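Please keep the sequence and the model in view while reading.

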Amino acid sequence: MMGTPVLQIDGLAVRYPGRGFRKPPTTVIEEVSFEVGRAETVALVGESGSGKTTIGRAVLGLTPVSGGRVLLDGRDITRLTGRARRLLAPDLQAIFQNPYGSLNPALPVGRTLAEPLLAGSSRPPGEVRQDIAELLRRVGLPEDAADRYPAQFSGGQRQRIAIARAVARKPKLIICDEPTSALDVTTQAAALSLLSELQSTLGCAYLFITHDLAVVKEFADRTLVLQNGRIVEEGDSVDVCDRPRHEYTRRLVAAAPVPDPDLQRQRREQRSLQLSSGS
Ligand SMILES: Nc1ncnc2c1ncn2[C@@H]1O[C@H](COP(=O)(O)OP(=O)(O)OP(=O)(O)O)[C@@H](O)[C@H]1O
């Protein structure tokens with residue numbers, strides 16, 4: 001891994017306070033440490049309730065951290081809140097499972113995309129029209145999408161809008177929490193290939209939270225396996241999916257058979273070629 005990793009998580013712990021006698025405090029994440037390199041995709045997998053979303057939320061500052069540190073580009077962001085947290089937005093973004101929930105239904109898409117472009121800048125709103133058109137083109141939506149509302153788009157198109165908003169400022173890291181789980185298989189493949197392409201052109205890294213091992217093998221460079229809030233296995237995605245070492249990972253793989261490894265290798269080679277040619 002070259003240079004400072006985009007994300008360093010060091011001994012992360014998250015505990016939810018209990019409520020009285022009936023609900024004791026629970027430790028949801030314990031001693032989790034890992035790194036995400038530049039333009040790298042790291043998948044977080046594990047059963048429901050293993051703590052995947054909690055880790056993503058801790059990085060985003062949406063869940064209080066009880067112990068350990070989160071570093072973005074070498075800077076400690078663990079306890080940033082308010083304005084200091086908002087100032088991270090150009091570098092740190094998120095894409096969630098339900099784009100309908102995360103897009104403002106009352107705003108035309110152009111306004112939603114203008115928001116990150118204008119935040120913290122003194123540019124007049126009229127000036128970002130070109131940037132919005134470029135963003136829409138980048139994610140494969142027609143230019144007139146800017147004047148329409150989220151409800152006028154399909155689920156796959158709405159996720160493209162959410163992706164466009166996330167990449168508007170060319171962030172260093174995007175937390176993707178089950179970004180394609182609500183889409184049908186074909187739309188899911190198209191969204192994943194869009195994310196790959198954006199990674200090649202913009203150089204953003206992804207922390208990719210999913211329960212879908214087929215997606216992991218296809219899409220992620222490395223995979224971390226989470227069980228009860230601890231990482232039990234970590235490695236190259238193809239190795240983790242094809243040659244799981246931990247009994248828990250073996251169970252996950254057995255529950256969701258993973259298809260053809262050759263296809264994935266080919267795609268990765270293609271991607272690394274694109275990256276090294278700087279295209
Ligand atoms: N606000 C909260 N208060 C108490 N416990 C919580 C809270 N939020 C999450 N948890 C608990 O934390 C654990 C991890 O949840 P989390 O949503 O991170 O898991 P996950 O791996 O993302 O699951 P899924 O795949 O179902 O989304 C679960 O046991 C959950 O019940």
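In this predicted model, six strands form an open sheet in the order β6-β7-β8-β3-β9-β10, and the pairing within this sheet is mixed. The edge strands are β6, residues 92–95, and β10, residues 230–236, and each of these pairs on one side only. On average, neighbouring strands of this sheet are turned by 20° against each other, when direction is ignored. Strand β7, residues 173–177, and strand β8, residues 205–209, run parallel and are joined by 5 bridges. Within this pair, I175 has L207 of β8 as its bridge partner.

A further sheet is built from 4 strands. This sheet is open, its strands follow the order β2-β1-β4-β5, and the pairing is antiparallel. Strands β2 (26–36) and β5 (75–76) stand at the edges with a single partner strand each, so one side of each is left without a neighbour in the sheet. Helix α1, residues 52–60, packs on this sheet and touches β1, β2 and β4 (67–72). The direction of α1 makes an angle of about 110° with that of β1.

Strand β1, residues 7–16, runs antiparallel to β2, and 7 bridges join the two. Along this pairing, V14 stands opposite I29 in β2, while Y16 has T26 of β2 as its bridge partner. Strand β1 also pairs with β4, again in the antiparallel sense, over 5 bridges. Here D10 stands opposite R69 in β4, and the bridge partner of A13 is G67 in β4. Strand β4 in turn runs antiparallel to β5, to which 2 bridges join it. In this last pairing, L72 has R75 of β5 as its bridge partner. The hairpin of β4 and β5 has 2 residues between the strands, and in this hairpin D73 takes a positive phi near 55°.

The helices remain to be described. Two packed helices are described by the angle between their axes and the distance between the axes. Helix α6, residues 155–167, packs against helix α7, residues 185–202, at an angle of about 15°, and their axes are 10 Å apart. Angles under 35 degrees count as roughly parallel, and α6 is therefore roughly parallel to α7. The crossing in which α6 passes α7 is right-handed. On the α6 side, the residues that meet α7 are G155, G156, Q159, R160, I163 and V167. Their counterparts in α7 are T187, A190, A191, L194, L195, L198 and L202. By class, this contact of α6 with α7 comprises 8 nonpolar, 4 polar and 1 charged residues.

Helix α6 also packs with helix α4, residues 109–118. The axes of α4 and α6 come within 8 Å and cross at roughly 25°, which means that α4 is roughly parallel to α6. This crossing, in which α4 passes α6, is right-handed. In α4, the residues V109, T112, L113 and P116 meet I161, A164 and R165 in α6. The residues of this contact divide into 5 nonpolar, 1 polar and 1 charged.

Notes
Residues are numbered from 1 along each chain as its sequence is written. This is a predicted model: local features need pLDDT of at least 70, side-chain atom pairs count only at pLDDT 80 or more; totals for chains, interfaces and linings use all residues. Two strands pair if DSSP finds at least two bridges between them. Two residues are in contact if their C-beta atoms, placed from the backbone, lie within 7 Å. Axes are lines fitted to C-alpha atoms, for helices over the stretch in contact, and angles run from 0 to 180 degrees between N-to-C directions. Angles under 35 degrees count as roughly parallel, over 145 as roughly antiparallel, 65 to 115 as roughly perpendicular and the rest as oblique. A crossing is left-handed if the near helix is turned anticlockwise from the far one by less than a right angle, and right-handed if clockwise. Ala, Val, Leu, Ile, Met, Phe, Trp, Tyr, Cys and Pro count as nonpolar, Asp, Glu, Lys and Arg as charged, and the others, Gly among them, as polar.
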